[in-house]
Amino acid sequence: MFSPNVNHIVEHPAAGYRKIFETVEELNEPLPTEVTGVLPSWLSGSLLRMGPGLFEVGAEPFHHLFDGQALIHKFDLREGHVTYHRRYIRSDAYVRAMAEKRVVITEFGTAAYPDPCKNIFSRFFTYFQGIEVTDNCLVNIYPIGEDFYAVTETNFITKVDPDSLETLKKVDLCDYLSVNGVTAHPHTDADGSVYNIGNCFGKNMSLAYNIIKIPPPQKDGSDPLKRSEVVVQLPSSERFKPSYVHSFGMTENHFVFVEQPVKINLLKFLSSWSLRGTNYMDCFESNEYIGTWFHVATRDPAAYLSSHKFRTSAFNVFHHINAYEDQGFIVVDLCTWKGSDFVYNYLYLANMRAEWDKVKESAMRAPQPEVRRYVLPLDIYRVGKNLVSLSYTTATAVLRSDGTVWLEPEVLFSGPRQAFEFPQINYSRCSGKNYRYVYGLGLNHFIPDRIVKLNVRTKDTRLWQEEDSYPSEPLFIPTPEAIDEDDGVLLSIVVKPGAERPSFLLVLDARQMTELARASVNTIIPVTLHGTVGKRAIS
């Protein structure tokens with residue numbers, strides 16, 4: 001179904017969305033699908049996706065959307081035929097949970113407790129030993145060199161076989177880099193170099209943020225991770241309270257980091273976690289009054305622009321859409337949520353599985369989502385004057401007497417409790433460059449029920465939506481030798497609980513947002529977060 005009206009609100013009284021938050025079993029072998037429509041002849045390879053698949057262990061439930069154990073999914077497309085496969089990542093968190101029939105390692109919103117069968121002295125010492133950092137890599141999967149890694153936001157990543165979906169090796173990034181963890185949203189240069197950001201200890205034991213670089217595949221076949229390096233370090237506005245970081249921006253010549261008012265209280269993390277059952281969510285706090293800071297660093301040579309102090313009002317940000325340079329300005333497009341209230345507070349599974357009226361009631365208390373454009377002037381010269389001279393935006397930047405530049409955004413999209421999230425662009429062509437189109441997952445009171453195309457220049461929208469269907473992040477694949485930016489297809493996994501075949505891979509024409517084909521499979525697929533294409537995605 002195609003509709004041009006993105007603000008149309010769809011009701012979900014049957015609560016079929018609950019199915020995407022239920023445990024499923026892995027598959028011993030790929031399942032065939034039923035293909036309807038016409039798959040593009042050039043589309044061949046695999047779609048890889050990560051997400052939670054196990055939502056309880058024995059009698060112990062996981063509480064948060066980001067707690068379920070990592071399940072890797074693959075749709076394989078070959079000569080017009082499509083198969084579906086999935087397997088659990090054999091992380092330490094998963095293997096030990098399966099062995100002990102309980103939550104063994106603390107996850108994002110679920111605390112692990114000592115084995116009740118152990119004596120009191122063993123339990124006492126377990127508390128004082130502190131908590132193990134989870135290696136539950138459920139958020140994303142991406143290539144490093146010739147290999148693929150499932151990732152979360154800690155220092156652990158997991159090497160997987162993209163063909164068999166077998167777990168190959170657990171990797172600790174601390175063995176190679178000075179970071180406490182990195183985001184699940186790196187940037188990749190044309191040469192295959194991978195850039196990412198994570199917090200670290202900087203000068204005088206204060207917190208900072210390191211932007212890292214993993215080089216492209218090595219001619220000698222060696223592991224690129226062994227040649228990883230810190231490119232540049234950015235300061236934290238608070239010594240012991242780094243901001244939560246989920247993604248960052250990268251242009252042709254600059255890095256852009258948005259330091260939001262959602263903070264990790266490091267002292268609380270180190271003290272209370274060691275003494276009682278505390279999870280990651282317990283260590284976050286928000287501060288409306290410090291607002292949001294934009295940090296900029298140059299790429300070559302790499303240097304932090306300490307004289308450029310960009311500030312604006314408080315908002316949450318998880319996903320950068322794109323950033324690019326134009327006429328002495330850096331344009332930064334973001335999926336934001338107004339205020340400092342942490343959006344993840346509303347993603348507990350009890351909220352996501354509630355009756356529709358309760359889902360809406362909870363979402364009404366949450367921050368309002370908006371797609372925003374901020375413009376950062378590189379030339380800062382006059383107090384009290386709007387420094388932005390780009391003709392196509394209403395975003396402003398005003399230098400204040402204290403040396404900070406106050407930013408006000410242009411709103412590119414806003415609908416009441418209708419979020420545009422999980423953004424995707426024509427990355428190979430437009431990353432770090434001026435662009436026109438972004439595709440996203442439409443969240444209706446946090447429930448994913450549409451795929452949206454947004455023209456960031458005209459603010460026009462198009463969408464795909466089908467009754468009682470719940471899509472995932474749309475991944476853009478360009479047509480070979482395409483001329484236009486939106487010449488390609490979108491791939492999304494859609495769950496339709498009431499259908500005979502309740503899940504399907506949807507292939508959309510990215511220009512018109514019309515369906516080209518779907519490959520339906522006779523199994524429920526739980527919610528997926530992010531993904532990529534395999535080595536042979538396009539023939």
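User: Which residues is histidine 185 in contact with, leaving aside its neighbours within four places in sequence?

Analyst: Happy to start there! This is a predicted model, where local features need pLDDT of at least 70, side-chain atom pairs count only at pLDDT 80 or more, and totals for chains, interfaces and linings use all residues. Residues are numbered from 1 along each chain as its sequence is written, and side-chain values use heavy atoms, with hydrogens and water left out. With contact meaning heavy atoms within 4.5 Å, the partners of histidine 185 are Asn140, Asn196, His246, Ser247, Phe248, His319 and His530.

User: Is histidine 185 buried or exposed?

Analyst: Buried means under 20% relative accessible area, exposed over 50%, and partly exposed in between (1.4 Å probe, protein chains only). Histidine 185 has a relative accessibility of 15%, so this residue counts as buried.

User: What is the length of the polar contact that joins the side chains of histidine 319 and histidine 185?

Analyst: A polar contact is a pair of N or O atoms within 3.5 Å; within protein, one must be able to donate a hydrogen and the other to accept it, and residues adjacent in sequence count only if both atoms are side-chain atoms. Histidine 319 is itself buried, with a relative accessible area of 7%. Its side chain and that of histidine 185 are joined at 3.4 Å.

User: At which residues does UniProt place the feature "binding site", and what is their largest C-alpha distance?

Analyst: The record is an unreviewed entry, and it lists His185, His246, His319 and His530. They are spread over 346 residues of sequence yet cluster in space, with a largest C-alpha distance of 12.5 Å. UniProt positions are given in the numbering used here, feature names are shortened, and annotations may be inferred rather than shown by experiment.

User: Which backbone oxygen does the side chain of lysine 74 reach?

Analyst: Lysine 74 sits in strand E7 (residues 69-78); strands (E, at least two residues) are DSSP runs, numbered from the N terminus. At 9% relative accessibility, lysine 74 counts as buried. At 2.7 Å, its side chain reaches the backbone oxygen of aspartate 163.

User: Which strands are at the edges of the open sheet formed by five strands?

Analyst: Two strands pair if DSSP finds at least two bridges between them. The order is E3-E37-E36-E35-E34, with antiparallel pairing. Each edge strand pairs on one side only, and these are strand E3 (34-37) and strand E34 (475-478).

Technical notes: Helix = DSSP H or I, 4+ residues; strand = E, 2+ residues; numbered from the N terminus.
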